[in-house]
Amino acid sequence: MQRMRTRATIADVAAQAGVGASTVSRVLNGGQVSGRAHARVVAAINDLGYRPRASARSLVTGSTGTLALVIPFFTHPSAVERLRGVLGAVDTTEYELVVCNVSTAAQRDEYLGRRAPLDRSDGLLIMSLAPRDDEAEAFRRAGAPVVLVDAFHPSLPCLRIDDVAGGMLATRHLIELGHERIAFLGDRPDPALGFISSDRRRDGYRRALQEAGIPVRRELQREGPHGRLVAHRLTRELLSLPEPPTAIFAASDTQALGVLEAAGVEGFTVPDDLSVVGFDDLEVAPYVGLTTVHQPLEESGRRGVQRLVAALDNEGALPHEQRLDLELMVRRTTAPPPERRGGSGDPGNSPRRRVRRGS
């Protein structure tokens, strides 16, 4: 039976490099070491796959060697894609990652308030949760860097998209195809957790309709708890109206999948009878041919870690707020409404927004 390989220690590195443990420690912590000795230590570290334990490093440097991530509902598809970017970026650093999952208002208050993990980490990445003013002030007093992703507070650096612009992008696409009875399906407001992205995408939907001179109809708007099954139920309500919509903009791809399923149950063909647009461009979106607004989920996680590490390395002034690009991915779930079918021209090439044709 093959023995499991034990984790290399600083003593193993010192023995292989032919130096003392103190020399290895100086190399790890940026101290003065002769060129030859430094090269031998680095070669031994690489050969043995040595990684310093966070607890040992903290005794020498005062650093925990750990980054903390606070993320809500990290099993949701969009959160999983952001987390993939975080993990990929952390793997290129010397840091380890502690993940704090938030699924209730009490957990949100715990991780952003009383038990904020800054006392157990060198820096904090917060996703999709906007800190309150008192929490942001507590972070400032703690002195460790904090970076927000998909959230905003005026005193904290952040990376985010423009959700209003994204809602307008999706709705304008449907308007340019000729749709007027356009429904919106999104999340019910959740003040306790502070999620606002769905509300802002709905604001973009309304603004695009108003700009086009199309009435904003209350009966064409539905909200409920986030999820595919709820979206399925709400879509069946919309499609049972005396004048059902010819298009639905869903505030997430997860909800758009529920729309597609409900359309089939109700006998609506997509896109002949009903056009559907989602938001996020999840990994599944190309496989079902979903037209959607792409936001860089994985990239946002990666860039959030990079921003946090840059702050820890004192790399100088960085932009306080970084906006991430949105892109409309036109696929197979959108087409002109039945009464406009057969018209000339391709609205997908409108110069009013950037479009990439997806598979």
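Helix 8 passes helix 9 in a right-handed crossing, a term used where the near helix is turned clockwise from the far one by less than a right angle. The model is predicted, with local features requiring pLDDT of at least 70 and side-chain atom pairs counted only at pLDDT 80 or more, while totals for chains, interfaces and linings use all residues. Residues are numbered from 1 along each chain as its sequence is written, and side-chain values use heavy atoms, with hydrogens and water left out.

The axes of helix 8 (residues 163-177) and helix 9 (residues 197-211) come within 7 Å and cross at roughly 45°, the axes being lines fitted to C-alpha atoms over the stretch in contact, with angles from 0 to 180 degrees between N-to-C directions. Helix 8 is therefore oblique to helix 9, the class left once angles under 35 degrees (roughly parallel), over 145 (roughly antiparallel) and 65 to 115 (roughly perpendicular) are set aside. Helices are DSSP runs of H or I with at least four residues, and strands are runs of E with at least two, numbered from the N terminus.

Three aromatic pairs are counted, where rings of Phe, Tyr and Trp (its six-membered ring) pair if their centres lie within 6.5 Å, and planes under 30 degrees apart are stacked, over 60 edge-to-face and the rest tilted. Phenylalanine 184 and tyrosine 205 form a tilted pair, at 5.5 Å centre to centre and 35° between the planes. Because phenylalanine 184 lies in strand 6 (residues 182-187) and tyrosine 205 in helix 9, this pair ties together parts that are 21 residues apart in sequence. Ring pairs link Phe184, Tyr205 and Phe249 into a cluster.
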